[in-house]
Amino acid sequence: MEQSPIAVESVRNLQARSKRLLEDLLGQKLQEDQQVFIMVLSPGTEPDEAARQKARTGLEATFQKTEAYARARGIADEEIDAAIEEAVEHVRPRKY
């Protein structure tokens, strides 16, 4: 069975070597209560329907995992929205 091009893993489950590699790649320390989301894509190529379905299924599974994680820790939708907005602002700051 082929693996999904999407992976979500809790930092606390990473081996020390993998954690250091990701920290070097991301340029920041990872916290034990964080999760890492990795997705493989091929820019400039349009996926066929089977690849789209596979990606959709992988994303839906990821969304279910993150929803369960948030629910188990009592994280409100507003907190999630604020975190997403903060991340977007960090990556794409508005130019006034």
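Guide: Let's start with Glu67, which counts as partly exposed at 46% relative accessibility. Keep in mind that this is a predicted model.

Visitor: Why is Glu67 called partly exposed?

Guide: The label covers values between the 20% and 50% cut-offs. Glu67 has 46%, so it falls in that middle class.

Visitor: And what makes Glu67 and Arg71 a salt bridge?

Guide: The distance does. Their closest N and O atoms are 2.8 Å apart, and the limit is 4 Å between a Lys or Arg side-chain nitrogen and an Asp or Glu carboxyl oxygen. So 2.8 Å passes, and the pair gets the name. Both residues sit in helix H2 (residues 49–72), and because they are four residues apart there, about one helical turn separates them.

Visitor: Is Arg71 exposed or buried?

Guide: Exposed: Arg71 has 59% relative accessibility, and the label needs over 50%.

Visitor: How many salt bridges does the structure hold?

Guide: Three. Another one joins Lys19 and Glu32, with the closest N and O atoms 3.1 Å apart. Lys19 lies in helix H1 (residues 16–26) and Glu32 in the loop between H1 and strand S2 (35–39), so this pair ties together parts that are 13 residues apart in sequence. Glu32 is partly exposed, at 38%.

Visitor: How do you know that Glu46 and Arg52 belong on that list?

Guide: Same test: N to O is 3.0 Å, and the cut-off is within 4 Å. Glu46 counts as exposed at 69%, while Arg52 is partly exposed at 34%.

Visitor: What makes Leu22 a buried residue?

Guide: Buried means under 20%. Leu22 comes in at 11%, so the label holds. Leu22 is in helix H1, and its C-alpha atom is 8.8 Å from that of Val36, 14 residues away along the chain.

Visitor: Why is Ile38 not called buried, then, but partly exposed?

Guide: Ile38 has 41% relative accessibility, and buried would need under 20%. Ile38 lies in strand S2. Between Ile38 and Glu9 there are 8.7 Å in space, C-alpha to C-alpha, although 29 residues separate them in sequence.

Visitor: Which residues make the nonpolar surface patch?

Guide: Ile75, Ile80, Ile84 and Val88, giving a patch of about 300 Å².

Visitor: What about the largest pocket: how much space lies in it?

Guide: About 1,200 Å³. The lining has 26 residues, and Gln35, Ile80, Ala83, Ile84 and Ala87 lie nearest the centre. The elements that give two or more residues to that lining are S2, H2 and H3.

Visitor: Which element gives the largest share of the lining?

Guide: H3, with nine residues.

Visitor: And what makes up the lining by class?

Guide: There are 14 nonpolar, six polar and six charged residues.

Conventions. Residues numbered from 1 in each chain as written. Predicted model: local features only at pLDDT ≥ 70, side-chain atom pairs only at ≥ 80, totals over all residues. Heavy atoms only, no water. Buried < 20%, exposed > 50% of the residue type's maximum accessible area, 1.4 Å probe, protein only. Patch = residues over 30% accessible without salt bridge, like charges linked within 9 Å, V, L, I, M, F, W, Y side chains within 5 Å. Areas by Shrake-Rupley, 256 points an atom, 1.4 Å probe, with all protein chains shown as cover. 1 Å grid on protein atoms, 1.4 Å probe; cavity = no way out; pocket = protein on both sides within 12 Å on 5 of 7 lines; lining within 4 Å. Points joined across faces, edges and corners; volume = space filled by probe spheres on them. Nonpolar A, V, L, I, M, F, W, Y, C, P; charged D, E, K, R; others polar.
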